[in-house]
Each structure stands twice: as C-alpha cells, then as structure tokens.
Amino acid sequence: MSQMQAAPVPDKDEKRYAELKEKAGRFRVLIIGGANAGKTTILKKICHTTDDPEIYDVRGRKIAVSELEPTSLRGLHNIENEMVFRSNPTFVFHDSCGFEAGGVDEFETVKAFVYGRAREDVFGGQVHVIWYCIAMDDDRPVTHAEKHFFSRSGAGKVPVVAVFTKCEALELKAIAALEDEGFDFDEAVEKVPIYVEEKLKKVHKVLEEMEYPPRGHVYLQELDKPDVACEDLVKCTAKVLDSKILQSLFISTQQNSLELAIEQSLMQVNMSWFDIHD
C-alpha cells in the first residue's frame with residue numbers, strides 16, 4: 001500500500017497549513033494513565049513498532065531509558081520529557097507517569113504542563129490531544145484520579161479521548177460473576193457480551209456525567225496480540241480535533257491508515273456541500 005496522504009486542506013488554509021507544518025511538523029500527545037494501563041503498548045501500536053522510544057529532556061538531550069525507571073516521584077519530574085519512536089518521528093509523546101496516584105500534586109503537575117504548553121509560541125510545542133487510559137482489569141477503573149481530572153478541567157481546551165484498555169478482562173470477570181449467580185459455564189458464555197456492554201456503559205456514563213467529560217472514547221482489547229492495531233483510537237482522535245489543520249497534521253502521521261484519510265476526505269467534501277447548499 002502506498003504512503004497515506006493527508007486529508008485536503010481548504011485553499012484559504014493551504015498557506016497557513018504549510019507554515020504551521022514547517023514550524024511544527026510533529027503531532028504532540030500527552031498520554032495519561034496508570035502503569036498497568038498499557039500506555040507504552042498503545043504508543044508502539046500507533047507508531048507500528050516493537051522498539052522502545054528514544055527519550056529527550058527539555059534541552060533536547062537524549063537520555064537513557066534506564067534513567068526513567070518508575071518511582072513514586074516519576075510523574076513530578078518527567079512529564080516534560082519527549083518520547084519519539086524512530087518508526088514514526090512525526091509523533092511526540094509525553095507521559096504523565098505518576099498520575100495514577102491521584103494526588104493533588106500529580107494533578108497540578110499535569111495541569112501546569114497542559115496550560116504551559118498552550119502558551120507556546122511555536123505550534124509544535126503545544127499539546128494537540130490527550131489520551132486518558134483507563135484499565136478495565138481494575139475492580140474500580142474510575143478512581144479518584146479520573147474524577148479529579150474530569151471535574152477540574154485538567155485538560156484546559158485540549159481535546160481528551162478516554163481510552164478504555166484491557167477490556168478483555170471484563171469477559172473473564174463476567175463469566176465468574178454469572179456462574180456465581182447460578183448459570184452454568186455455557187449459559188454464562190452466552191450472556192458475556194451483554195454483561196460486558198453494560199459494564200462499559202456504566203463506566204462511560206460516570207465520565208460523561210463529569211463537569212468536563214472526554215470528547216470521545218474508545219475500547220481497546222488484546223493489544224498484546226501482534227495483529228491487533230489501534231485503528232479506533234486513530235479515527236476517534238481525528239474526529240475530536242478542533243481544526244482541519246490539526247486533523248491534516250494528525251493524519252499525515254498515519255502513514256499506514258489510508259482508510260482514515262479517505263474517510264476524512266469524504267467528511268470534508270460533505271461539509272463543503274452543506275456549506276454551499278445551506
């Protein structure tokens with residue numbers, strides 16, 4: 001398959017897009033979530049690699065991954081570090097690290113980072129989207145950290161996608177719960193899809209009822225399998241972005257996502273038709 005082309009940008013924005021892309025050239029993501037939420041796996045899937053990222057500090061100095069072993073204070077110091085994968089250097093990632101602790105200090109660190117980046121003069125220094133990962137293998141997936149973040153506008157104006165990971169864990173829990181209710185194994189297996197759907201709806205509803213809910217959500221499972229990708233996350237991210245310029249910049253990072261480019265192109269054509277015939 002040939003390399004994917006970015007979705008077309010309206011003529012009046014072409015010059016602006018070219019200028020911004022020359023300055024930025026890279027799409028910046030802040031990923032939030034606990035150490036068990038599968039964050040690194042997601043980033044590798046998005047960048048189509050199994051290699052570890054290269055990590056740079058605020059001065060652009062490359063640092064060894066061994067220097068970043070998890071500690072209780074990791075999130076307080078390393079959120080400014082940039083993670084870049086050689087397979088797709090047009091992406092820049094930041095990890096909230098210790099945010100799963102859910103304390104005030106961790107929240108304020110993330111908030112200060114997002115708001116500080118919003119004031120960057122260079123377009124490429126801004127955070128373009130936040131992926132908030134929530135592992136569904138936890139008995140209480142929505143913790144104090146999530147409630148605090150989505151009730152205090154920790155994202156500012158940056159769009160947030162809630163990424164529910166390890167959804168396959170719900171199937172095992174469903175079978176155990178249904179068997180406890182008296183169903184035999186075969187009956188439990190038949191009822192699993194309904195049980196899982198109801199559980200996901202409940203968790204999603206909790207976030208939707210927050211004062212600052214996520215703009216989109218996706219359910220990911222079995223990311224440990226090599227043939228499983230994060231296509232839903234890619235599509236959802238493209239949809240929540242505020243501008244066509246940002247959408248085009250994001251799509252340009254997805255070298256293997258031709259379907260997304262076509263989908264976005266058709267969407268823009270339809271929008272233009274409605275603008276003309278409104």
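The legends below describe close-up views of a predicted model. Local features need pLDDT of at least 70 and side-chain atom pairs count only at pLDDT 80 or more, whereas totals for chains, interfaces and linings use all residues. Residues are numbered from 1 along each chain as its sequence is written, and side-chain values use heavy atoms, with hydrogens and water left out.

**Figure 1. The second largest cavity and its lining.** Rolling a probe the size of a water molecule over the atoms shows where empty space is left. On a 1 Å grid over the protein atoms alone, a cavity is a set of points where a 1.4 Å probe fits but cannot get out, and lining residues have an atom within 4 Å of a point. Helices (H or I, at least four residues) and strands (E, at least two) are DSSP runs, numbered from the N terminus. By class, five lining residues are nonpolar, one is polar and two are charged. In this scheme Ala, Val, Leu, Ile, Met, Phe, Trp, Tyr, Cys and Pro count as nonpolar, Asp, Glu, Lys and Arg as charged, and the others, Gly among them, as polar.

**Figure 2. Aromatic ring pairs, including F91 with F250.** A pair of aromatic rings is described by the distance of the centres and the angle of the planes. Rings of Phe, Tyr and Trp (its six-membered ring) pair if their centres lie within 6.5 Å; planes under 30 degrees apart count as stacked, over 60 as edge-to-face and the rest as tilted. By this rule the count is ten aromatic pairs. In one of them, the ring centres of F91 and F250 are 6.1 Å apart and the planes stand at 70°, so the pair is edge-to-face. This pair joins distant parts of the chain, with F91 in strand β5 (residues 91-95) and F250 in helix α9 (residues 244-253), 159 residues apart. Both F91 and F250 are buried, a class given to residues under 20% relative accessible area, with exposed over 50% and partly exposed in between (1.4 Å probe, protein chains only). The rings of F149 and F150 also form an edge-to-face pair, because their centres are 5.0 Å apart and their planes lie at 85°. F149 is buried at a relative accessible area of 2%, and F150 is buried at 1%. Ring pairs also link F27, F85, F91, F93, W131 and F250 into a cluster.

**Figure 3. Helix α9 and its buried residues.** Nine of the ten residues of α9 are buried, so the helix is largely enclosed by the rest of the structure. The buried residues are I245, L246, Q247, S248, L249, F250, I251, S252 and T253.

**Figure 4. Positive phi at S153 and K166.** Most residues other than glycine have a negative phi. S153, which is not a glycine, has a positive phi near 55°. S153 lies in the loop between α5 (144-151) and β7 (160-165) and counts as buried at 14% relative accessibility. K166, also not a glycine, has a positive phi of about 55°. The place of K166 is in the loop between β7 and α6 (169-180), and K166 is partly exposed at 27% relative accessibility.

**Figure 5. Cysteines C230 and C236.** A disulfide is a pair of cysteine sulfur atoms within 2.5 Å, and a search of the whole structure finds zero disulfides. The cysteine sulfur closest to that of C230 belongs to C133, at 9.1 Å, which is too far for a bond. C230 is buried, with a relative accessible area of 3%, and C236 is buried at 12%.

Figure 6. The C-alpha atoms of D186 and I175 are separated by 9.3 Å, with the two residues eleven apart along the chain. Between the C-alpha atoms of P193 and A174, 19 residues apart along the chain, the separation is 8.8 Å.

Definitions and conventions
1 Å grid on protein atoms, 1.4 Å probe; cavity = no way out; pocket = protein on both sides within 12 Å on 5 of 7 lines; lining within 4 Å.
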